[in-house]
Amino acid sequence: MFKRSFFFRYLSPYTGRIVFNVFLRTLAAVFTVVLLLCIAPMLSLLFSDGSLIQSAEPGQSALSENLIDLMKNWVNMSVQCYGKNKTLLLITWTLMFLYFLKNTFSYLGLYYFTPIRNGVVASLRNDLYIRLIILPLSFFSVHKKGDLMSRLSSDLQEIDENILKQIQQVLIDIVTFLFMLAALFFISTPLTLFVLFILPIAGISTGFLSKSLRRSSPKQQASLGRLTSQLEESIQGIKTIRSYNTTSFSIAKFKQENTVFNNLKIQVCHRVDLSSPVSEFIGTIAIVGLLILGGYFILGSESTSISPEAFITYLVTLTQILPSSKNIATAYYGLQRGKGSVARIKDILYADEVITQKENALAIKDLTHNIEFRHVGFTYHNDEVLHDINLIIPKGKNIAIVGPSGGGKSTLIDLVPRFYDCCFGEVLIDGQNIKDYSIDDIRQLSALVSQDTILFNDTIFNNIKLGNQNASREDVITAAKKAYAHDFITSTENGYETIIGDSGTKLSGGQRQRLSIARALLKDAPILIFDEASSALDTESENVILHALKQIGKANKKTIISIAHRLSTIQHSDEIIVIDKGRIIERGTHESLYQENGLYTKLCNMQNL
């Protein structure tokens with residue numbers, strides 16, 4: 001069962017460390033028990049009337065009494081040889097030495113467990129990030145960014161604090177509990193049986209509280225994810241919020257969700273806080289019962305008698321076992337609470353990848369003949385986005401795709417780099433289904449420039465070089481010049497080493513798009529895909545850059561696929577594809593389509609073309 005558990009793959013690399021850790025915890029527990037058993041002879045020495053300490057009668061003492069008697073005999077010998085004062089000093093130094101050993105091994109246990117705990121969290125964080133990077137775009141359309149960020153931050157912290165930290169603590173407490181329990185049986189079996197009678201009551205209360213925690217914790221984490229998501233959206237859309245005077249609405253919405261999170265947090269904290277008084281109350285009942293029962297044994301018949309110093313040792317040992325049992329109960333609460341975060345983490349790690357690579361996938365390094373869409377259909381949440389698309393795009397051609405918004409244009413070009421897989425039909429490159437190729441090779445064939453320019457909080461140089469990590473500085477500058485970005489780059493404070501801010505906020509929209517185009521050109525892919533790539537450029541810059549792109553495409557026999565709403569930018573394309581409601585309704589050159597007096601003609605007239 002453990003091998004199938006979630007944490008096995010993360011804990012298994014540390015098996016040796018865990019075994020060694022248990023060994024260290026065991027040594028610490030052994031010295032703790034020995035330390036406690038040394039209390040009895042010390043008490044006998046302190047409260048004796050000056051005569052030798054009496055041992056139990058043969059045949060009348062338990063196994064524990066025999067051990068205590070051995071210690072008493074050792075004390076008697078020491079008193080006879082060195083006197084009571086030196087014997088007391090010797091016992092004190094022995095106790096200090098045992099306490100030092102106990103704490104040393106406890107610290108070593110913590111020292112060797114810390115890399116395990118942090119290593120598991122680091123591995124989980126790596127796996128989550130890798131998973132998020134490879135999951136299909138459809139996954140992100142149903143999950144908010146803020147919620148996903150919350151899972152990589154607060155949920156991982158919950159797992160660290162409520163599971164891994166509790167595992168670390170429970171290793172100490174379980175070993176200590178078992179040795180202490182053995183010591184209690186060692187001293188007095190009847191008293192220990194009474195204590196064990198109390199424990200099931202604590203277990204029932206613990207189970208009741210843990211169930212409520214398990215229900216509340218996922219709700220709390222989900223609420224925190226919504227809070228994080230709203231905060232992220234508010235920061236990103238601060239201009240929109242202020243321009244539409246929706247500040248009060250946004251604040252009220254945030255406060256409402258924050259109130260929900262606060263109430264859930266209070267519920268969880270109340271249940272966690274309740275565990276301590278419940279455990280202490282049950283412990284108090286056990287202590288009172290033990291005092292009564294122990295007094296009866298001390299004053300009772302010889303068959304059940306126990307010496308006063310042994311009874312005091314028993315009580316001291318019991319006070320040491322109660323914190324361990326309490327910590328075990330608290331750890332159980334933490335584990336239940338952490339299960340909610342584990343479930344949210346599993347949603348990412350076990351999410352369907354959808355876009356998968358077949359075994360023995362074929363390699364492809366260049367487009368040789370054409371791209372073909374053969375009876376391609378695509379549905380999203382039962383809504384038909386593309387219907388029976390048949391299209392061949394020859395190598396080196398400049399193809400434009402136009403049509404009303406929501407017609408399926410972007411979805412169609414997203415099938416080429418396998419951001420999505422078609423639901424019906426097939427997409428072929430050089431006559432081979434793209435699902436037969438390596439995913440990395442397929443995506444290496446194309447360079448995408450989208451309307452929503454994505455840049456990173458890094459230097460201009462590194463943002464352009466993202467298109468080709470092996471490119472030299474001269475290659476980066478050449479690509480920037482082709483995208484007509486070199487002039488504005490050199491005019492910035494630090495040139496190509498200028499930090500552009502989060503998502504390129506220090507640059508204008510046109511400058512960001514030029515960097516995105518330069519990045520695509522640097523990749524030098526055989527297929528260039530432009531999805532409204534020049535929407536933020538002024539007309540003059542747009543014409544200059546598009547003309548340069550066409551020249552680059554012809555000179556290097558690159559296949560260019562463009563989505564455009566400004567029809568003036570695609571008039572000279574080799575072929576124009578008109579898509580409406582997921583279907584190809586017209587196709588041809590600008591002149592032939594304009595003469596058909598169809599949708600394309602209507603779009604041209606609306607733009608005074």
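In what order do the four strands of the open sheet with antiparallel pairing stand? The legends below take up this sheet and then other close-up views. The model is predicted, with local features requiring pLDDT of at least 70 and side-chain atom pairs counting only at pLDDT 80 or more, while totals for chains, interfaces and linings use all residues. Residues are numbered from 1 along each chain as its sequence is written, and side-chain values use heavy atoms, with hydrogens and water left out.

**View 1. The open sheet of four strands has the order 2-1-4-5, with antiparallel pairing.** Strands here are DSSP runs of E of at least two residues, and helices are runs of H or I of at least four residues, both numbered from the N terminus; two strands pair if DSSP finds at least two bridges between them. Strand 2 (383-394) and strand 5 (432-433) are the edge strands, each with a single partner strand, so one side of each is left without a neighbour in the sheet. Strand 1 (residues 370-380) runs antiparallel to strand 2 and is joined to strand 2 by eight bridges, and Phe373 has Leu391 in strand 2 as its bridge partner.

**View 2. Six strands make up an open sheet of mixed pairing, in the order 6-7-8-3-9-10.** The edges are held by strand 6 (446-450) and strand 10 (583-588), each with a single partner strand, so one side of each lacks a neighbour in the sheet. Five bridges pair strand 9 (residues 575-580) with strand 10 in the antiparallel sense, and Ile577 stands opposite Arg587 in strand 10.

**View 3. Helix 5 (residues 84-134) packs against helix 7 (residues 145-187) at an angle of about 155°, with their axes 10 Å apart.** Axes are lines fitted to C-alpha atoms, for helices over the stretch in contact, and angles run from 0 to 180 degrees between N-to-C directions. The two helices, helix 5 and helix 7, are therefore roughly antiparallel to each other, a term for angles over 145 degrees, whereas under 35 counts as roughly parallel, 65 to 115 as roughly perpendicular and the rest as oblique.

**View 4. Helix 5 bends by about 30° at Phe113, and a proline, Pro115, follows within four residues.** The bend at a residue is the angle between axes fitted to the seven residues ending there and the seven starting there.

**View 5. Helix 15 (residues 473-482) and helix 17 (residues 509-523) pack at about 125°, with axes 8 Å apart.** Helix 15 and helix 17 are therefore oblique to each other.
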